[in-house]
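Colleague: I have some time for this one now. Can you put it up and take me through the packing?

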Amino acid sequence: MRAWRLCESKHHMMRSRLLLPFIVALTASILLASHAAIAEFSSRGVVHTVFLWLKQPGHVQHRQQLLLATDRLRDIPGVVDIRSGEMIESDRAIVDDSFDVGLYFYFSDVASMRGYLVHPLHQAIVEQEIKPLVERIVVHDFQDSVIVE
């Protein structure tokens, strides 16, 4: 009986030695993935919103032209995400549904947004394709907050 326990103990130790590198690698992977996820979550990205009022409110073709022009802006370095669409009518007094097209841009940081604003493609599209169709433009920029608990 004693010999059997000794063999079992040696077998357990051998198996533990074989599993140790796997356990270390798995633990390191989990820690690295967690660190990357935390770093991504806590980065202070920038949101740039633009609201456009057409010179001819509700003009379907002009709305479509603005949406297509906006889509081409995603090729500018620093743009992480772009969303665009038409206003949703609302009966709620708090909702401003007077605009025609809304645009949402996401950048990883303020420097990326500033680079985007002076990029020749952005300036050309704004001057040649957006401003000729638009009566009013309202822009709001804000930085993601970091919530400390």
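**Packing around a helix and some rings**

Modeller: This is a predicted model. The buried residues of α4 have a cover that includes β1, α2, α3 and β4 (134–143).

Colleague: Which residues of α4 are buried?

Modeller: H122, I125, V126 and I130. Looking down the axis of α4, the buried residues fall within an arc of 95°, so they line one face of the helix.

Colleague: Why would spacing like that put them on one face?

Modeller: An α-helix has 3.6 residues a turn, so residues three or four places apart point the same way.

Colleague: And which exposed residues are on the face of α4 turned away from the buried side?

Modeller: P120 and Q128 are the exposed residues there.

Colleague: Take L73. What does L73 touch, leaving out residues up to four places away in sequence?

Modeller: L73 touches V79, I82, F105, Y116, L121, H122 and I125. Two of the α4 buried residues, H122 and I125, are in that set.

Colleague: Changing topic: how many aromatic pairs are there?

Modeller: The count is 5. One of them is W53 with F99: the ring centres are 6.3 Å apart and the planes are at 75°, so the pair is edge-to-face. This pair links distant parts of the chain, with W53 in strand β1 and F99 in the loop between β2 and β3, 46 residues apart.

Colleague: What else is F99 in contact with, beyond four places in sequence?

Modeller: Besides W53, F99 is in contact with F51, L52 and M87. Ring pairs also link F51, W53 and F99 into a cluster.

Colleague: What lies over the face of W53?

Modeller: R136 does, at 4.1 Å from the ring centre.

Colleague: And F105 with F107, stacked or edge-to-face?

Modeller: Stacked, with 6.5 Å centre to centre and 10° between the planes. F105 is buried, with a relative accessible area of 1%, and F107 is buried at 0% relative accessibility.

Note on methods
Residues are numbered from 1 along each chain as its sequence is written. This is a predicted model: local features need pLDDT of at least 70, side-chain atom pairs count only at pLDDT 80 or more; totals for chains, interfaces and linings use all residues. Side-chain values use heavy atoms; hydrogens and water are left out. Contact means heavy atoms within 4.5 Å. Buried means under 20% relative accessible area, exposed over 50%, partly exposed in between (1.4 Å probe, protein chains only). Helices (H or I, at least four residues) and strands (E, at least two) are DSSP runs, numbered from the N terminus. The arc is that of the directions from the helix axis to the C-beta atoms. Rings of Phe, Tyr and Trp (its six-membered ring) pair if their centres lie within 6.5 Å; planes under 30 degrees apart count as stacked, over 60 as edge-to-face and the rest as tilted. A charge sits over a ring if NZ of Lys or CZ of Arg is within 6 Å of the ring centre and within 35 degrees of the ring normal.
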